[in-house]
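Me: I would like to learn how to read a structure like this one. Please take me through it feature by feature.

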Amino acid sequence: MDERVITKEVLLNILHAFIRHDITLPVLVAWAENTFVDEEIEIEGDLELLDDIIMYLAAADTRGFPLTWDVLTEFVEKLGGKMPVIVEAD
């Protein structure tokens with residue numbers, strides 16, 4: 001997850017990885033925190049939207065910023081994605 005340019009697509013991919021359990025909450029939070037301190041990382045596109053989502057993700061391990069299904073759905077939709085749900089029996 002060492003992206004140098006953060007776009008809507010990059011952020012969607014990171015959220016997708018989290019939703020699929022490919023990355024953990026601590027990894028997601030650390031990535032978001034690092035985007036603000038790494039001077040080599042650029043944010044392209046809707047800067048306000050991407051900054052707002054990344055700031056929320058950076059605090060998602062705190063009580064005040066829970067990363068609920070509703071929050072994830074809102075972020076994905078704001079980024080232009082969809083979150084269909086498929087439930088299958090084992």
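Me: What should I know before starting?

Reply: This is a predicted model, in which local features need pLDDT of at least 70 and side-chain atom pairs count only at pLDDT 80 or more, while totals for chains, interfaces and linings use all residues. Residues are numbered from 1 along each chain as its sequence is written, and side-chain values use heavy atoms, with hydrogens and water left out.

Me: How do I read a nonpolar core, and which residues touch the most other members here?

Reply: In soluble globular proteins, nonpolar side chains tend to be buried together. A nonpolar core is a set of buried Ala, Val, Leu, Ile, Met, Phe, Trp, Tyr and Cys residues joined through side-chain atoms within 4.5 Å; buried means under 20% relative accessible area, exposed over 50%, partly exposed in between (1.4 Å probe, protein chains only). The largest such core has 28 residues, and Leu-11, Leu-57, Leu-67 and Phe-75 touch the most other members. At least two core residues come from each of H1 (8-19), H2 (25-37), H3 (47-58) and H4 (69-78), with H3 giving the most, seven. Helices (H or I, at least four residues) are DSSP runs, numbered from the N terminus.

Me: Which residues does Leu-57 touch?

Reply: Contact means heavy atoms within 4.5 Å. Not counting residues up to four places away in sequence, Leu-57 touches Leu-11, Leu-15, Leu-28, Val-29, Ala-32, Leu-67 and Phe-75.

Me: How do the axes of H1 and H4 cross?

Reply: Axes are lines fitted to C-alpha atoms, for helices over the stretch in contact, and angles run from 0 to 180 degrees between N-to-C directions. The axes of H1 and H4 come within 10 Å and cross at roughly 155°. H1 is therefore roughly antiparallel to H4 (under 35 degrees is roughly parallel, over 145 roughly antiparallel, 65 to 115 roughly perpendicular, the rest oblique). On the H1 side the contact includes Leu-12 and Phe-18, and on the H4 side Trp-69 and Leu-72.

Me: What about H2 and H3?

Reply: Their axes come within 7 Å and cross at roughly 130°, which means that H2 is oblique to H3. Among the residues in contact are Trp-31 and Thr-35 of H2 and Asp-51 and Ile-54 of H3.

Me: Is Thr-35 buried or exposed?

Reply: Thr-35, in helix H2, counts as buried because its relative accessibility is 7%. Thr-35 touches Ile-6, Ile-41 and Ile-54, leaving out residues up to four places away in sequence.
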